[in-house]
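Start with the model below.

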4 protein chains.
Amino acid sequence: MYQPVREFYESKGFGGRKGFGSRPAILVIDLARAWIDEGSPLGSRNLEPVVENTAVVLDAARAKNVPIFFTVMAFDKAGVETVGPVGKKVYNRVKDRSFTRGTPMVEIDPRLNRRPDEVIIEKPRGSAFWESPLLSYLIGRDVDTVIVTGCSTSGCVRSTSESAHNLNFHAIVAAEAVGDRHPLAHEANLTDIDLRFADVTPVADVVKYLSGLSADGFAKAG
Amino acid sequence: MYQPVREFYESKGFGGRKGFGSRPAILVIDLARAWIDEGSPLGSRNLEPVVENTAVVLDAARAKNVPIFFTVMAFDKAGVETVGPVGKKVYNRVKDRSFTRGTPMVEIDPRLNRRPDEVIIEKPRGSAFWESPLLSYLIGRDVDTVIVTGCSTSGCVRSTSESAHNLNFHAIVAAEAVGDRHPLAHEANLTDIDLRFADVTPVADVVKYLSGLSADGFAKAG
Amino acid sequence: MYQPVREFYESKGFGGRKGFGSRPAILVIDLARAWIDEGSPLGSRNLEPVVENTAVVLDAARAKNVPIFFTVMAFDKAGVETVGPVGKKVYNRVKDRSFTRGTPMVEIDPRLNRRPDEVIIEKPRGSAFWESPLLSYLIGRDVDTVIVTGCSTSGCVRSTSESAHNLNFHAIVAAEAVGDRHPLAHEANLTDIDLRFADVTPVADVVKYLSGLSADGFAKAG
Amino acid sequence: MYQPVREFYESKGFGGRKGFGSRPAILVIDLARAWIDEGSPLGSRNLEPVVENTAVVLDAARAKNVPIFFTVMAFDKAGVETVGPVGKKVYNRVKDRSFTRGTPMVEIDPRLNRRPDEVIIEKPRGSAFWESPLLSYLIGRDVDTVIVTGCSTSGCVRSTSESAHNLNFHAIVAAEAVGDRHPLAHEANLTDIDLRFADVTPVADVVKYLSGLSADGFAKAG
């Protein structure tokens with residue numbers, strides 16, 4: 001029997017709390033048909049609650065004009081058949097090209113009611129920050145807190161949380177608003193994320209924080 | 001009972017093989033006292049085999065003049081007390097400042113016999129590529145294959161493997177030459193790495209590949 | 001009277017030659033209507049020779065199956081009205097939104113006959129490498145030499161050349177295939193580029209190099 | 001006779017003003033012996049006023065506890081003899097290895113009175129942001145305004161200003177606190193910087209802005 005990973009890592013100094021900062025943005029990771037539909041090659045059947053809980057977070061964010069960004073893994077038609085080692089691990093095995101820009105598979109789930117001024121970030125890899133323009137959008141909006149929802153916990157959610165941590169943002173993962181194809185991968189990675197990168201925080205606490213912001217999306221001075 | 005993570009993810013198209021390319025480099029991740037010594041706040045007691053297996057890989061690499069890079073997490077004295085959220089997760093909780101440049105805690109393990117021309121990469125985060133000059137060293141040496149050894153599987157090894165994948169290198173993890181503070185974190189992350197980022201490959205196969213290179217460290221034309 | 005910039009800088013050790021490497025790619029920077037048409041807010045009237053000379057380079061490259069990438073500055077419709085300081089310098093002053101993805105202003109000049117497998121890189125800033133997926137395309141194709149054409153010398157051409165240099169590629173600028181709105185900005189920046197970042201090389205020499213490659217775009221072993 | 005570059009570019013929509021934001025940091029670029037001493041291979045003889053004017057900016061910044069960062073181009077001893085094309089342009093031509101970490105040539109000019117808590121950023125290329133940890137220091141300190149001083153205008157100052165612009169900071173260059181080996185390179189690049197990347201602003205105005213900050217270095221709410 002092993003001591004649990006969390007307990008052991010906490011004894012080594014991991015797992016501190018960052019808390020919320022004063023200016024959040026919401027990142028909704030890859031909630032498009034290619035990942036949500038069971039019929040899609042990469043799709044998961046169990047992400048309905050993730051979509052619903054993300055919608056709850058978005059409602060609270062929109063009420064305070066908090067910046068919202070949606071990501072999707074999408075490539076230019078000429079670029080989707082990725083050459084080189086990166087394609088051999090996953091992409092080339094997906095025969096129906098789920099990732100082509102402008103196709104239905106990469107449309108954001110309509111239940112999330114994306115508004116025209118909520119930017120879609122096309123990202124070529126797991127992290128929403130990798131080779132994407134996300135970072136400068138955040139800096140230009142004075143964001144110091146990144147709240148992550150979407151999928152998958154063991155892939156793009158973890159990678160995005162790590163990048164947000166690396167960049168020194170208050171990285172927050174909305175616990176019930178992230179999910180994975182597989183429950184064990186979800187659990188193991190949620191633990192790693194909380195110990196190393198981002199505070200895994202109940203949706204209720206995220207909503208409470210958002211609801212306390214000023215009308216333009218800043219924390220009120222104490 | 002769940003279907004195993006690996007089996008399920010493979011059924012979705014993950015876990016392809018990249019194979020070795022034609023020009024490797026070795027990355028030895030954080031095999032310094034701060035991570036290896038049990039007395040260190042972040043140290044693990046069980047990394048002896050990792051050091052030994054890394055030495056085996058290094059012997060084979062040096063015999064063929066393959067480029068070798070050591071990483072260490074080390075900061076300038078003025079920078080080690082990291083300000084902001086990043087410090088709250090881990091660094092600020094480490095009271096004795098294990099990460100100061102030039103201190104014994106960040107010296108590479110002497111059993112690895114680092115040679116003067118083997119570059120040390122000081123990295124501020126998990127991935128050896130994050131905010132470090134590693135990438136341009138690799139490009140300047142025509143490297144297309146990155147072989148990762150060291151620790152920790154759930155932290156810097158995974159992050160480095162992901163970056164190498166993102167950048168489109170043939171990313172290889174030498175299986176018995178990587179380790180973690182905790183065996184369950186090791187196993188779960190080794191699975192994720194193999195499914196998503198890098199081929200987890202036995203040390204014996206890595207050594208065989210290295211031994212087949214030309215004297216200047218390139219794969220011979222077939 | 002001052003000593004010329006070039007002469008003085010060369011006396012200080014700048015301006016060495018990199019030469020061509022063994023595996024080139026061509027980058028065609030921003031040869032779309034928004035930059036070429038005089039009627040466009042940002043357009044230049046004098047870039048006809050740049051387009052013609054780029055076409056000459058492309059013919060030689062295609063004959064040897066050398067990878068070709070076109071860049072364009074284009075944004076998602078929701079993202080084009082850039083918030084924050086970056087918009088105040090240039091973008092917000094361009095009232096007709098020249099940069100929206102999918103509009104005629106950002107189409108590649110038809111005289112360059114882009115083929116369907118030649119990837120278009122949408123870049124949000126000057127350098128073709130900044131927040132774009134270009135780099136991993138190059139690494140996945142084993143590229144070690146980046147040949148730059150297009151516009152503007154004082155903007156995107158210089159920035160792209162600097163990034164290619166920073167990353168340790170053989171950076172080459174095809175001299176008559178780059179241009180600028182203003183001849184003095186062109187001259188001053190071409191000098192800086194040659195001293196600091198990339199070998200400014202006559203188109204004839206670029207074509208000669210390309211013509212000597214193997215049919216799959218690699219330099220033949222000497 | 002040509003229309004001046006500035007006038008022509010402004011007619012095309014370039015050269016807008018960003019203004020100061022609400023939270024500045026100062027970047028002092030490469031004011032170390034290797035660049036200042038005339039006896040150094042890369043040194044300039046005419047940078048005395050740059051050092052003096054930088055000291056004026058630093059006095060005003062320290063009075064308000066504004067974060068200050070010094071950069072220096074310095075490499076690990078094993079890394080200084082850069083392999084690959086990057087070395088051929090400049091570094092390899094500098095025979096006495098001016099860039100080795102810990103040597104007198106890379107010490108910050110003592111007249112700038114660096115304090116122990118003012119972080120030194122070792123950077124391998126021109127931009128202070130390239131492959132360096134600078135960015136996360138800025139984000140962790142809520143910085144939205146980057147004020148640049150130091151040398152050289154046509155190299156590291158321009159590159160740093162461009163990166164700060166790309167990242168969506170309020171980028172400001174303190175006009176009399178930056179300089180170059182050559183006056184024409186200085187002038188041409190200062191014009192490009194002001195048109196494209198950063199507001200070139202008199203030191204007196206920078207000092208006035210800094211003096212108006214609160215004691216912890218934030219602009220007071222209007």
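Two residues are in contact if their C-beta atoms, placed from the backbone, lie within 7 Å. The model is predicted.

## Chain D against chain C

The contact draws 42 residues from chain D and 42 residues from chain C. On the chain D side, several elements each give at least two residues. They are helix H1 (5-11), helix H4 (85-89), helix H6 (153-166), strand E5 (170-179) and helix H7 (183-196).

## Chains B and C as copies

Two copies of a chain are related by a rotation about an axis and a shift along it. For chain B on chain C, the rotation is 180° and the shift along the axis is 0.0 Å. The RMSD of that superposition is 0.0 Å. This is therefore the relation of a two-fold axis.

Of the interface residues of chain B, 100% are also interface residues in chain C, so the copies meet through the same surface.

## Helices H3 and H8 of chain D

Two packed helices are described by the angle between their axes and the distance between the axes. In chain D, the axes of H3 (residues 48-62) and H8 (residues 203-211) come within 8 Å. They cross at roughly 10°. Angles under 35 degrees count as roughly parallel, so H3(D) and H8(D) are roughly parallel to each other. Their crossing is right-handed.

H3(D) contributes Asn53(D), Val56(D), Val57(D), Ala60(D) and Ala61(D) to the contact. H8(D) contributes Val203(D), Val206(D), Val207(D), Leu210(D) and Ser211(D). The residues of this contact of H3(D) with H8(D) comprise 8 nonpolar, 2 polar and no charged.

Notes:
Residues are numbered from 1 along each chain as its sequence is written. Chains are lettered from A and ligands numbered from 1 in the order in which they are written. This is a predicted model: local features need pLDDT of at least 70, side-chain atom pairs count only at pLDDT 80 or more; totals for chains, interfaces and linings use all residues. Axes are lines fitted to C-alpha atoms, for helices over the stretch in contact, and angles run from 0 to 180 degrees between N-to-C directions. Helices (H or I, at least four residues) and strands (E, at least two) are DSSP runs, numbered from the N terminus. Angles under 35 degrees count as roughly parallel, over 145 as roughly antiparallel, 65 to 115 as roughly perpendicular and the rest as oblique. A crossing is left-handed if the near helix is turned anticlockwise from the far one by less than a right angle, and right-handed if clockwise. Ala, Val, Leu, Ile, Met, Phe, Trp, Tyr, Cys and Pro count as nonpolar, Asp, Glu, Lys and Arg as charged, and the others, Gly among them, as polar. Copies are superposed by least squares on the C-alpha atoms of residues with pLDDT of at least 70 in both.
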